[in-house]
Amino acid sequence: YMRSVNFDPIEKAPELKDCTSLDLVDFYTIPHYGDFPFKKKGEKIVQLYNEKLQLIPISNKQAIIIEDSNIQIKDAK
């Protein structure tokens with residue numbers, strides 16, 4: 001899905017053969033959300049896919065903490 005907005009150009013990783021994840025969570029993290037130089041691309045991803053995918057956007061100062069089925073977004077201290 002998200003390759004279509006060119007967030008991470010595949011040309012930058014020619015040795016990458018597959019984009020399969022570890023399938024540990026059922027959501028998609030949108031990293032660098034709201035942060036330069038990815039602000040516009042992150043917003044575009046959320047606009048395009050928020051209705052289709054479970055997205056969790058986080059900034060460079062945030063982390064996703066998962067304990068059992070509880071998902072929290074924590075700000076850096």
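1. Overall fold. One helix and 4 strands make up the secondary structure of the chain. This is a predicted model. In sequence order the elements run β-α-β-β-β.

2. Dimensions and surface. The C-alpha trace spans about 35 × 25 × 25 Å along its principal axes. The accessible surface of the chain is about 6400 Å². Carbon and sulfur atoms hold 52% of that surface. The chain has 77 residues, and 18% of them count as buried.

3. Core. The largest nonpolar core has 6 residues. They are Ile30, Ile45, Val46, Tyr49, Leu53 and Leu55. Helix H1, residues 39–49, gives the most to this core, with 3 residues.

4. Ile66 sits in strand S3. Its relative accessible area is 40%, so Ile66 is partly exposed: the class lies between the 20% and 50% cut-offs.

5. Ser59. This residue lies in the loop between strand S2 (55–57) and strand S3 (62–67). Despite the loop setting, Ser59 is buried, because its relative accessible area is 18% and the cut-off for buried is under 20%. Setting aside neighbours within four places in sequence, Ser59 is in contact with His32, Tyr33 and Asp35.

Conventions: Residues numbered from 1 in each chain as written. Predicted model: local features only at pLDDT ≥ 70, side-chain atom pairs only at ≥ 80, totals over all residues. Heavy atoms only, no water. Helix = DSSP H or I, 4+ residues; strand = E, 2+ residues; numbered from the N terminus. Buried < 20%, exposed > 50% of the residue type's maximum accessible area, 1.4 Å probe, protein only. Contact = heavy atoms within 4.5 Å. Core = buried A, V, L, I, M, F, W, Y, C linked by side-chain atoms within 4.5 Å. Areas by Shrake-Rupley, 256 points an atom, 1.4 Å probe, with all protein chains shown as cover.
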